[in-house]
Amino acid sequence: MKGILYSYLLILVVLAIGLVAGKLHASPMVSRKIVHMGVGNWWFVEMAMLPTLQLALVPPATFIILNTLAVVLHKGESEEKRNYGLIYYPIALVVLVLLQFKAGISSRACLWGVLVMAYGDSFAAIFGSWHKDSRHLPGYMRDKTLVGSLVMLVVSVAVGLGVTHNFPMALLVALVATVAEAATPFGLDNLSVPILAALVAGQLV
């Protein structure tokens with residue numbers, strides 16, 4: 001139970017930091033991405049304090065429900081569209097928990113996937129928004145900027161080095177995550193990036 005309480009406390013602290021960032025005139029998108037990054041650190045709680053499948057599923061399952069209500073009752077990133085990424089994020093965490101306990105993917109590989117999503121995707125979005133007029137990717141990926149994808153790659157490599165201290169492994173997972181982030185439509189990259197990164201990392205660590 002202590003791990004569940006710490007999970008909720010972490011989320012409350014992260015949300016508070018996001019609110020403070022907004023009060024300090026950070027843009028709504030930056031405030032959201034600060035929360036996005038902070039929530040990814042939940043996996044450290046999962047590794048240290050949630051030793052069973054049942055316990056580990058409680059926090060992300062709770063936030064699937066709460067985030068679904070938030071999306072249904074409020075619009076997402078703008079008045080024109082709903083931010084379904086809020087729902088996909090905890091669903092991805094549930095999938096990773098299941099991969100860890102049921103499919104034998106190591107917790108460290110799952111951590112890798114979560115942090116790539118939390119930090120790589122967030123910094124890609126932030127830098128991409130700052131360089132909206134820079135070159136965009138081709139085809140249906142045209143809403144993604146080249147700057148954003150390059151940032152995704154660099155941050156994902158840094159995350160990988162933090163997990164494994166092996167550059168070729170870090171680069172491989174980063175490339176998979178970067179391609180998934182750019183190529184996945186409809187905001188589903190909150191699912192594809194962490195799951196694919198964790199599956200690849202699971203073959204390496």
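The side chains of D121 and K33 meet in a salt bridge, with 3.6 Å from N to O. The model described here is predicted. This pair joins distant parts of the chain, since D121 sits in helix α6 and K33 in helix α2, 88 residues apart. The structure holds two salt bridges.

**Salt bridges**

- Side chains of opposite charge can pair when their charged atoms come close.
- In the pair of D121 and K33, both residues are buried.
- K144 forms a salt bridge with E181, and the closest N and O atoms of this pair are 2.9 Å apart.
- This pair also links distant parts of the chain: K144 is in the loop between α6 and α7, E181 is in helix α8, and 37 residues separate them.
- K144 counts as buried because its relative accessibility is 16%, and buried means under 20%.
- E181 is buried as well, with a relative accessible area of 6%.

**The loop between α6 and α7**

- D143 is placed in the loop between α6 (107-130) and α7 (146-164).
- K144 is in the loop between α6 and α7 too.
- D143 is exposed, with a relative accessible area of 58%, whereas K144 is buried at 16%.
- D143 and A182 are 39 residues apart in sequence, and their C-alpha atoms are 9.0 Å apart in space.

- Two packed helices are described by the angle between their axes and the distance between the axes.
- Helix α3 (residues 42-49) and α6 have axes that come within 9 Å and cross at roughly 165 degrees.
- α3 and α6 are therefore roughly antiparallel to each other, as angles over 145 degrees count as roughly antiparallel.
- The crossing in which α3 passes α6 is right-handed.
- The axes of α1 and α4 also come within 9 Å, and they cross at roughly 30 degrees.
- That angle makes α1 roughly parallel to α4, because angles under 35 degrees count as roughly parallel.
- α1 and α4 cross in a right-handed sense.

**Loop residues with positive phi**

- H25 has a phi near 75 degrees, a positive value in a residue other than glycine.
- H25 is located in the loop between α1 (2-23) and α2 (28-40).
- With a relative accessibility of 75%, H25 counts as exposed, because exposed means over 50%.
- F186 has a phi near 60 degrees, again a positive value in a residue other than glycine.
- The position of F186 is in the loop between α8 (167-183) and α9 (189-202).
- F186 counts as exposed at 74% relative accessibility.

**Nonpolar surface patch**

- I65, L66, L69, V72 and L73 make a nonpolar surface patch of about 510 Å².
- One of these residues, V72, is found in helix α4 (residues 53-73).
- V72 is exposed, and its relative accessible area is 54%.
- Helix α4, which holds V72, is roughly parallel to α1.

Definitions and conventions:
Residues are numbered from 1 along each chain as its sequence is written. This is a predicted model: local features need pLDDT of at least 70, side-chain atom pairs count only at pLDDT 80 or more; totals for chains, interfaces and linings use all residues. Side-chain values use heavy atoms; hydrogens and water are left out. Patches are made of residues with over 30% relative accessible area and no salt bridge: like charges are joined within 9 Å, nonpolar side chains (Val, Leu, Ile, Met, Phe, Trp, Tyr) within 5 Å. Accessible areas come from the Shrake-Rupley method with a 1.4 Å probe; for residues, only the protein chains shown count as cover. A salt bridge is a side-chain nitrogen of Lys or Arg within 4 Å of a carboxyl oxygen of Asp or Glu. Helices (H or I, at least four residues) and strands (E, at least two) are DSSP runs, numbered from the N terminus. Buried means under 20% relative accessible area, exposed over 50%, partly exposed in between (1.4 Å probe, protein chains only). Axes are lines fitted to C-alpha atoms, for helices over the stretch in contact, and angles run from 0 to 180 degrees between N-to-C directions. Angles under 35 degrees count as roughly parallel, over 145 as roughly antiparallel, 65 to 115 as roughly perpendicular and the rest as oblique. A crossing is left-handed if the near helix is turned anticlockwise from the far one by less than a right angle, and right-handed if clockwise.
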